[in-house]
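Biologist: I have a new structure to look at. Can you walk me through it?
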Amino acid sequence: MILAYILFLVPLLLFVTAFLYETWLSFRRLRNPKAGRTGYVNATWEITHTLLILTVVVLLMMFTQSITDLASAIFLSTFIAAAALVVRAVCYIYIFYVRTGTKTDAIDWTFFLSHVVAALFLVITVLEALWFLFKNRPEANTQFLPYYIPGLIVVIALTALPILVVYKTK
Amino acid sequence: MHSISLFGDALVASRVLMGDSLGFHIIFVLFSLTLPILVCWFEWLGIRKKDPKYTATAKLWSKVMAVLVITGVISGTIIALQMSLVWPGILQFGGKVIGLPFLFETYAFLIEAVFLALYMVTWNNKRVSPYLHLTFGLFIVFGATLSAFAITAINSWMNYPTGFDYVNGQVTNIHVWSAIFSRTAFIEFSHSMLAYYMTASLIIAGLYAFKLLRHRSKDRAQKQYAHDWAILNNLVVFAIVAFLLLFVTADLTGKYLAKYEPVKLAAIELNYNTQGNVPLIIGGVASGTDGISGPHFEIPGALSFLAGSSTNTVVLGLNDFNASDRPPLYVHTLFDIKMTAMNILVAILGLYVLVRWFKPKWLNNAWALIAVGFVGYFALLSVELGWMLTEIGRQPWAVRGYVTTTEALTKTHDITSFGYFFPLSYVVLFAVTFLALVKLVKSERKA
């Protein structure tokens, strides 16, 4: 049971750290948009989102017997965060791949605010999920763990060095 | 039960959200699966032929791949959330059986994401040899393919649930591996992958065709465009190979449907009665309880032949199933449109082969280029319709035979607020991605 919690809390913690860093970068670049893409993350984008997906999938797969109630509990906050992530993606592509000027405009502010809204509602989602788990103590699908954990160790071993290289290059 | 709210019916809103999300996401999926292969292929040609033009092409398309991944990741995230939060009934029922591929998908996603980032940042890095760089690219191919298999295995299980017994309302005697590596999964996976490869390569080939057409470089002898012609030919050959293999998987799919999902096949072919020597009906729409109206024609015995390699094969008809278990019969029209698109595709590919390799005097390159310029979009239409047939053809079930779509729906009504937001946001996301790609290609051309 504790292992089930660890499996979703660890990637969650990593995601929150990375996402807060990105939120800070999106705020910092408002003062210096001339820095362009160098003032924000680039190649790390995918890895950060992967952590979010890892967290959500592990959380929901571990507690499928209670998923209907758990889904209702975290539904609104999760989808508001998801909507903010879509807005963030639109702004990201526009700012770094489409726009030619370097002057700060409403899109940059929207970009920053989308980070804040996403972060806020993701935190609410986590709190709602933890409260649900604490209150209901649902049974975890531990039968997957003998398959999942060895594979996860191999995948982490395979990707650990590339992750270090990517972040170092950034 | 679902309710009516200010924004509409929860079930309808959820279907709108899921359908639009899948329809949008699939465009990026087929590029995410095909581009890594093409990029690796071009990079390998560059290394083997010591031709920097191929390497430059690989680099250009890897940049396109990176932009498409940004969009694909966000739409993929939304779909992952939808599968769990909008349709929790699916996992509540089968989570213990089919939850593992969801978890494996996270491995695949992590491998793909990390190696994509590594691949992009190590272009021109002198400490990374060309073959090592190519190996990073092959890991992207591996991650993307594994991810596609995991997701397709889940969808296959929804179409034909296996790997468990259902006793007294309980899922027991679970065999996770037989649920994942089912016959359905292999047929659906191979068929969809080949369709993605063919579609993406033809759309990209179309871009090269338009470029060559615009510069009026109809003659291969023009050295300036020889590389573009070479890339175009490579892409078309790749697509033709995928297309020929698609014939095999399409045949397997037809036979599989006849045996394991007969009601879906009966609805697609408007076959009402169980019998042998069943014709293939082209055109027409369902009329009343067992009729066909509108212009149509029949190929005698063809459906029986496709279902069992003999015109005597007995094919189950719709009348053998309860009306409440049948999918909507407009799937027949969707299938007709899909087949029309495929026939146009065959004709265009045939035209291209004729012009490029047999060089008839009465036909020149310009016609072949115009045709190839558009052919990819017929393939894309066919892919979209293929998934619509798979999903709509399974209705009214979410997990066939066990959980209906209505039962699988979330209990919360908040979905109605998002059912229309995300489709609209996809339009904006698609537009901005398109602009980004146009700008990227233009800047690369200048460089």
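**A first walk through the model**

Modeller: Start with A:Ile2. A:Ile2 is exposed, at 65% relative accessible area. Keep in mind that this is a predicted model.

Biologist: Where does A:Ile2 sit?

Modeller: A:Ile2 belongs to helix H1 of chain A, residues 2–31.

Biologist: Back up a bit. How many helices and strands does chain A have?

Modeller: Chain A has 5 helices and 0 strands. From the N terminus, the order reads α-α-α-α-α.

Biologist: And what share of chain A counts as buried?

Modeller: The figure is 54% of its 170 residues.

Biologist: Give me one buried example.

Modeller: Take A:Leu51. Its relative accessible area is 14%, so A:Leu51 is buried, the cut-off being under 20%. A:Leu51 is in helix H2 of chain A, residues 45–62.

Biologist: How far is A:Leu51 from A:Phe19?

Modeller: Their C-alpha atoms are 10.0 Å apart. Along the chain, the two are separated by 32 residues.

Biologist: New topic. How do H3 of chain A and H3 of chain B cross?

Modeller: The helices are residues 67–98 in chain A and residues 88–121 in chain B. Their axes come within 8 Å and cross at roughly 150°. That makes H3(A) roughly antiparallel to H3(B).

Biologist: Left-handed or right-handed crossing?

Modeller: H3(A) passes H3(B) in a right-handed crossing.

Biologist: Now charges. How many salt bridges are there over all chains?

Modeller: The whole structure has 9 salt bridges. Side chains of opposite charge can pair when their charged atoms come close.

Biologist: Which residue of chain B does A:Glu139 pair with?

Modeller: A:Glu139 forms a salt bridge with B:Lys96, with the closest N and O atoms 3.9 Å apart. A:Glu139 lies in the loop between helix H4 (106–136) and helix H5 (145–169) of chain A, while B:Lys96 is in helix H3 of chain B, so the pair joins two chains.

Biologist: Buried or exposed, those two?

Modeller: A:Glu139 is exposed, at 52% relative accessible area. B:Lys96 is partly exposed, at 23%.

Biologist: What about B:Asp228, which residue does it meet in a salt bridge?

Modeller: B:Asp228 meets B:Lys211, at 3.0 Å from N to O. This pair links distant parts of the chain, 17 residues apart. B:Asp228 is in helix H7 of chain B, residues 226–260, and B:Lys211 is in helix H6, residues 183–214.

Biologist: How covered are they?

Modeller: B:Asp228 counts as buried, at 8% relative accessibility. B:Lys211 is partly exposed, at 22%.

Biologist: How far apart are the closest N and O atoms of A:Arg99 and A:Asp105?

Modeller: Those atoms are 3.0 Å apart in the salt bridge.

Biologist: And is A:Arg99 buried or exposed?

Modeller: A:Arg99 counts as buried, at 12% relative accessibility.

Key:
Residues are numbered from 1 along each chain as its sequence is written. Chains are lettered from A and ligands numbered from 1 in the order in which they are written. This is a predicted model: local features need pLDDT of at least 70, side-chain atom pairs count only at pLDDT 80 or more; totals for chains, interfaces and linings use all residues. Side-chain values use heavy atoms; hydrogens and water are left out. Helices (H or I, at least four residues) and strands (E, at least two) are DSSP runs, numbered from the N terminus. Buried means under 20% relative accessible area, exposed over 50%, partly exposed in between (1.4 Å probe, protein chains only). Axes are lines fitted to C-alpha atoms, for helices over the stretch in contact, and angles run from 0 to 180 degrees between N-to-C directions. Angles under 35 degrees count as roughly parallel, over 145 as roughly antiparallel, 65 to 115 as roughly perpendicular and the rest as oblique. A crossing is left-handed if the near helix is turned anticlockwise from the far one by less than a right angle, and right-handed if clockwise. A salt bridge is a side-chain nitrogen of Lys or Arg within 4 Å of a carboxyl oxygen of Asp or Glu.
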